[in-house]
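Visitor: Could you walk me through some side-chain contacts here?
Guide: Gladly, let us look together.

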Amino acid sequence: MKPSILGHERILKLLPSLSSQSLLFTGPEGVGRRAVARWYAYGLNCAHGFPGCGQCPSCRLEEPTDYLEIVPEAETKTGRKARNLQIRLEQIAPREDGGENLLDWLSTYPRFRAKVAVIDGAHLLNEPAANALLKVLEEPPAYARLILVAPSREMVLPTLASRSLELAFGPLPEETLHGLTRDPEVLAYAEGSVGRVRWALDNPALFNQLVGRVQGVLQSLGKGPAQTLEALGPLLETEGGLSYLARKLGQSLPPEDPRRAEALLSLHQAQEALSAYVSEDLVLNWLGLRLWAAAQGRETLSGH
């Protein structure tokens with residue numbers, strides 16, 4: 001089934017005219033990069049071209065045979081949860097156990113017109129996997145299209161990025177998201193991400209829990225560092241929790257207040273540290289003390 005796309009009209013208009021076999025989709029999480037990749041694959045293989053008719057044999061397939069997504073492995077080879085997410089060599093090149101990999105998949109002709117492979121997390125390729133992928137990008141089969149998905153061009157190995165045409169995806173304007181919701185709390189959490197909007201609407205209990213946790217952190221800042229650390233712990237376990245906290249902190253302090261800049265900088269640095277797999281306990285303790293120190297002289301940042 002052809003994916004529904006919200007926004008990104010410029011990119012949707014541009015994609016059908018591109019001849020590049022390797023594309024780099026950059027932008028924040030949840031704004032629609034993967035949905036556009038699927039839309040592109042449907043259009044390439046549709047009997048009537050873009051945007052996909054929805055009626056031809058290719059469009060009617062529930063699971064397109066000419067579309068492959070490669071994502072970081074969530075478990076280690078021993079079955080444990082992976083601490084450092086990676087796309088490994090065996091996902092790109094053939095392996096002894098015969099598991100699915102990109103090179104084997106590309107070695108056969110498409111059922112329809114083109115094969116589209118998405119490397120979802122191109123910045124998480126380990127070195128052997130990146131080297132194997134580079135060989136594919138240098139000489140891809142004529143029927144192949146490869147889409148690398150990453151937060152930014154700078155996070156992708158230069159040898160891969162230089163061989164790919166970048167299409168930058170930005171956050172969706174709030175008015176674009178109004179077709180899904182006008183709830184100010186949901187929109188504040190989303191920060192232009194349609195994926196976050198849909199998660200909040202599909203999981204109201206979890207979203208309300210997130211709102212409560214952020215409110216708890218804000219209230220704790222006027223009490224003491226121990227209370228702040230206690231309130232921050234559950235928030236670090238919630239996807240998008242720190243970003244939402246930063247948005248609420250930014251709203252609660254005037255732009256000219258130096259504590260606002262200090263608190264937002266601390267949250268940004270904490271998110272970068274977590275992305276670099278710094279210990280969560282270390283980040284928690286550091287961030288709790290920094291936020292509490294920034295809030296001194298104010299009874300609460302919760303607005304109550």
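**Charges and rings**

Guide: To start, arginine 33 and glutamate 29 form a salt bridge, with their closest N and O atoms 3.3 Å apart. The term stands for a side-chain nitrogen of Lys or Arg within 4 Å of a carboxyl oxygen of Asp or Glu. This is a predicted model, where local features need pLDDT of at least 70 and side-chain atom pairs count only at pLDDT 80 or more, while totals for chains, interfaces and linings use all residues. Residues are numbered from 1 along each chain as its sequence is written, and side-chain values use heavy atoms, leaving out hydrogens and water.

Visitor: Is arginine 33 buried or exposed?
Guide: Relative accessible area decides: buried means under 20%, exposed over 50%, and partly exposed in between, using a 1.4 Å probe and protein chains only. Arginine 33 has a relative accessible area of 3%, so the term for arginine 33 is buried.

Visitor: Which residues are linked with Arg33 in a network of salt bridges?
Guide: Side chains of opposite charge can pair when their charged atoms come close. Here the linked residues, together with Arg33, are Glu29, Arg34 and Asp120.

Visitor: How many residues apart are arginine 163 and glutamate 138?
Guide: These two form a salt bridge, the closest N and O atoms being 3.5 Å apart. Arginine 163 sits in the loop between helix H7 (158–161) and strand S7 (165–168), and glutamate 138 in helix H6 (residues 127–138). Helices (H or I, at least four residues) and strands (E, at least two) are DSSP runs, numbered from the N terminus. The pair links distant parts of the chain, 25 residues apart.

Visitor: What is the angle between the planes of tyrosine 189 and tryptophan 199?
Guide: Rings of Phe, Tyr and Trp (its six-membered ring) pair if their centres lie within 6.5 Å; planes under 30 degrees apart count as stacked, over 60 as edge-to-face and the rest as tilted. By this rule the count comes to 8 aromatic pairs. Tyrosine 189 is buried at 3% relative accessibility. The ring centres of tyrosine 189 and tryptophan 199 are 5.7 Å apart, and the pair is tilted because the planes lie at 45°.

Visitor: Which residue has its charged end over the ring of tyrosine 189?
Guide: A charge sits over a ring if NZ of Lys or CZ of Arg is within 6 Å of the ring centre and within 35 degrees of the ring normal. At 5.3 Å from the centre of the tyrosine 189 ring, the charged end belongs to arginine 196.
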